[in-house]
Amino acid sequence: MACKYGTLIIISITQLLAFLIFPQFAQSDPSDCSHRWIHIRRLPPRFNLDLLANCSEYPLSGDFCSYLPNHGLGHKTHNRSRSWYRTDPSMLELVFHSRMLEYPCLTSDPAAADAVYLPYYAGIDALRYLYGPDYNSSAEHGLDLFQFLQKDEPAAWRRNMGHDHFLVMARPAWDFSQPPGNDPPLWGTSFLELPEFFNVTALTVEARAWPWQDQAVPYPTSFHPPNLSFLEAWTQRVRRAKRSTLVLFVGGGGVSATPNIRRSIRNECENTTTLCSIVDCSNGICEHDPIRFMKPMLQASFCLQPPGDTPTRRSTFDSILAGCIPVFFEELSARSQYTWHLPEDQFEEFSVTIPKEEVVFKGLRILDVLSSIPRAKVKSLREKVIELIPKIMYRRHGSSMGLRTKKDAFDIAIDGTLRRIKSRLEEQVSVQ
């Protein structure tokens, strides 16, 4: 294995193999599993573990070998850390797989399952089409998986023609939405455009505007507590934090001459440094170093979440974790995305929305809007943000039973998936 992290990779894959062979099933009363049974399809390693072994083979996208330890949570931020890791969002598929193996309502019989999970690392496999040797074959992404599902236990697929199947894709859905007929190929693969997978539910970090196939779930942050006491200690720290800064922007961009929301933010903050601060994360310097941005977030009342290359940002969930009220500039950044985790009907209770057009083209000052919000309202918004912390974090695998009583991002994603599949199957019955 030609990789400077060779030993690390072997350890990580061995850990996951142990999980696969000896799943850490939580104790569960079978009566609690009514309508919650999930079957995990056993896929050949080329669809998951082998992809991890090739972690250094995509130089254009970067070597991801160092992200693999701790079942995809990454290295600890420091040796004594129990809750903080250098987590990369692209490892969500591995993190989710590890948590699925702890799910209390697993069944070995696909016919008895309410849903079927495909442990396919679609985002990692997509690298060979996006940056590697199979760029010109990007329309074929997923066909190998479909052929396997047709040949291995075909009844499991044909029973509901894929309506009861789901998988996780740790990239924006647009990266899997290239029309198969594009010649030459443009950016992305055609996985979600293949008719074979139209019925499958895809959990992505960013969904498209039409949510038939895909549903957005939170980006993983760096916080993965192992027990309830660590979660409670963190939320207490968030509540006690002294917010000396009104507005914070963590990110890059905004330096081009073209008018855009990031440029407007940068200009406004640089001209009012007493009320607004910037943590410059250009060139990815903050991605695996939460200390760079979490401390400033703890000191700020509002955290700006402008769209970048795509509408959504991991920073949205970092700010919630820090009790910093997120400020959005378009609905696609969160409101119409994470409807299972950030309910639309409660959106104004924990966030602020300022239309970007008003800022960029009509001169509306962000600081004027935010400084005019009454102190009591700010306190109420922050309390609602803090209440969201357990719901948007992914707790550590093997966590304590006490912490498992708090539904986290994984639990809420599973509940939402089961509801969606149940609704789909009922629709199919009604039209027959």
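**Two parallel sheets in a predicted model**

Guide: In this predicted model, strand β3 (residues 165-172) runs parallel to strand β4 (residues 201-206), and 5 bridges join the two.

Visitor: What makes β3 and β4 paired strands?

Guide: Pairing requires at least two bridges. There are 5 bridges between β3 and β4, so the two strands meet the definition. One example is Val168, whose bridge partner in β4 is Leu203.

Visitor: In what order do the strands of this open sheet stand?

Guide: The 5 strands follow the order β1-β2-β3-β4-β5, with parallel pairing.

Visitor: Why is one side of β1 and of β5 left without a neighbour in the sheet?

Guide: Both β1 (38-40) and β5 (214-216) stand at the edges, and each has a single partner strand, so one side of each has no neighbour in the sheet. From one strand to the next, the twist averages 35°.

Visitor: Which strands does helix α3 lie across?

Guide: Helix α3 (residues 92-100) lies across β1, β2 (115-117), β3 and β4, and runs at about 150° to β3.

Visitor: How do you know that β8 and β9 pair?

Guide: Strand β8 (residues 300-305) and strand β9 (residues 325-328) share 4 bridges in the parallel sense. The definition asks for at least two, therefore they count as a pair.

Visitor: Why are β7 and β10 called edge strands?

Guide: In the open sheet ordered β7-β6-β8-β9-β10, β7 (276-280) and β10 (352-353) each pair on one side only. Helix α9 (residues 261-271) packs on this sheet and touches β6 (245-251), β7 and β8; its direction makes about 125° with that of β7.

Definitions and conventions. Residues numbered from 1 in each chain as written. Predicted model: local features only at pLDDT ≥ 70, side-chain atom pairs only at ≥ 80, totals over all residues. Heavy atoms only, no water. Axes fitted to C-alpha atoms, helices over the stretch in contact; angles between N-to-C directions. Contact = heavy atoms within 4.5 Å.
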